[in-house]
Amino acid sequence: MLAAPDGIAFMRDTLGVGAMRAWNHGLAWRMAHALAARWGQPFATPEAMVGCMASVRLPARITALGAGAAPALKDWLFHERRIEAQVLAIRGVPHVRLAAQVYNDETDFERLAAGVDAWPA
């Protein structure tokens, strides 16, 4: 709590809140489309519903495993690849939630995608 005022001032005065939000949104939007295409999955979420996060359906080989694949993949990514990612089942279908912040770039999402692709389930 003691650092919150300085953090808010940094966002406002150095980064610019509008520029920060635009970066986060643009990165989440681009990477959601890129990963969905990579995995041969649809991504039909309207852009107005994407702030700095988007959920992308995982590849068919993973979705075929059902909802139970989500926690198993989440754990594997963390323990084997040191990737912290929210992997969850939406209506029983495994998805990964992308969360973009100013300290992220495309390479972070490429690392996530490579980890998902390497999962030996």
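I will go through the salt bridges pair by pair and say how exposed the partners are.

This is a predicted model. How many salt bridges does the structure hold? The count is 5.

Start with Arg 12 and Asp 13. Their side chains form a salt bridge, with N to O at 2.9 Å. Arg 12 is partly exposed, at 49% relative accessibility. Asp 13 has a relative accessible area of 54%, so Asp 13 counts as exposed, the cut-off being over 50%.

Next, Glu 106 and Arg 30. The closest N and O atoms of this salt bridge are 2.7 Å apart. Which parts of the chain does the pair link? Glu 106 sits in helix α5, residues 106-118, and Arg 30 in helix α2, residues 17-38. These are distant parts of the chain, with the two residues 76 apart. Both partners are partly exposed: Glu 106 has a relative accessible area of 33%, and Arg 30 one of 37%.

Then there is Glu 84 with Lys 74, a salt bridge whose closest N and O atoms are 3.0 Å apart. Lys 74 is in helix α4 and Glu 84 is in the loop between α4 and β2, so the pair ties together parts that are 10 residues apart in sequence. Glu 84 is exposed, at 58% relative accessible area, while Lys 74 is partly exposed, at 23%.

Notes
Residues are numbered from 1 along each chain as its sequence is written. This is a predicted model: local features need pLDDT of at least 70, side-chain atom pairs count only at pLDDT 80 or more; totals for chains, interfaces and linings use all residues. Side-chain values use heavy atoms; hydrogens and water are left out. A salt bridge is a side-chain nitrogen of Lys or Arg within 4 Å of a carboxyl oxygen of Asp or Glu. Buried means under 20% relative accessible area, exposed over 50%, partly exposed in between (1.4 Å probe, protein chains only). Helices (H or I, at least four residues) and strands (E, at least two) are DSSP runs, numbered from the N terminus.
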